[in-house]
Structures are given as C-alpha cells and as structure tokens.
Amino acid sequence: MNKDTFELFLVEAATESKRQRAVYTVSSVQEAYDKFMTELKANPEANQKLKSLTIKSGTVSYDIFR
C-alpha cells in the first residue's frame, strides 16, 4: 500500500435468518474479522450460528474523493 491508496475489507456473513455486510479500512484480514465478530457478538439479534463468512479485500485510490 502506498500513500495514494488505501485498503478496504468487505466482510459478508449469513446466519440462519439474516445476511450482514460490513466494510472496514483496517490493515489486515484478521483485523477485519475481529472487528466484525466483535460487532456481531454485541448484537443480541445476531446471536445465531454462522452459515458462511467471506472476507474480500481491495485497494482503492484516494482519487475517488476528488
């Protein structure tokens, strides 16, 4: 990563009754996973077994803000 770009992580999860998505600007997959799981566990409605979890990363240029 350089000073002209930043990395995004898209976390997608499916439980028995719901799909959830979140985007994080952290530095690693592990950090994105940890943040997502912390938020998921803090939500009593989402206290269900995960059926699937996907993490995708991408690099974005700061030029998109110009």
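## A greasy patch on the outside

Y62, I64 and F65 form a nonpolar patch on the surface, and together they have about 360 Å² of accessible area. That area comes from the Shrake-Rupley method with a 1.4 Å probe, and for residues only the protein chains shown count as cover. To join a patch like this one, residues need over 30% relative accessible area and no salt bridge, with nonpolar side chains (Val, Leu, Ile, Met, Phe, Trp, Tyr) linked within 5 Å. A salt bridge would be a side-chain nitrogen of Lys or Arg within 4 Å of a carboxyl oxygen of Asp or Glu.

Look at I64, found in the segment after β3. I64 counts as exposed because its relative accessible area is 55%; the cut-offs are over 50% for exposed, under 20% for buried, and partly exposed in between (1.4 Å probe, protein chains only).

## What you're looking at

This is a predicted model, where local features need pLDDT of at least 70, side-chain atom pairs count only at pLDDT 80 or more, and totals for chains, interfaces and linings use all residues. Residues are numbered from 1 along each chain as its sequence is written, and side-chain values use heavy atoms, leaving out hydrogens and water.

## How the strands line up

Strand β1 pairs with β3 (residues 50-61) in the antiparallel sense over 11 bridges, and A14 stands opposite S52 in β3. β1 also pairs with β2 in the antiparallel sense, over 6 bridges, and here F9 has Y24 in β2 as its bridge partner. A hairpin of 3 residues joins β1 to β2. Strands are DSSP runs (E, at least two residues), as are helices (H or I, at least four), numbered from the N terminus; two strands pair if DSSP finds at least two bridges between them.

## Inside the core

The largest nonpolar core has 10 residues, including F9, V11, Y24 and F36. β1 (5-15), β2 (19-24) and α1 (29-42) each give two or more residues to this core, and α1 gives the most, with 4. A core here is a set of buried Ala, Val, Leu, Ile, Met, Phe, Trp, Tyr and Cys residues joined through side-chain atoms within 4.5 Å.

## Two threonines in β1

T5 sits in strand β1 and is buried because its relative accessible area is 16%. Beyond its neighbours within four places in sequence, T5 is in contact (heavy atoms within 4.5 Å) with T59, V60, S61 and Y62.

Not counting residues up to four places away in sequence, T15 touches Q48, K49, L50 and K51.

Definitions and conventions:
Patches are made of residues with over 30% relative accessible area and no salt bridge: like charges are joined within 9 Å, nonpolar side chains (Val, Leu, Ile, Met, Phe, Trp, Tyr) within 5 Å.
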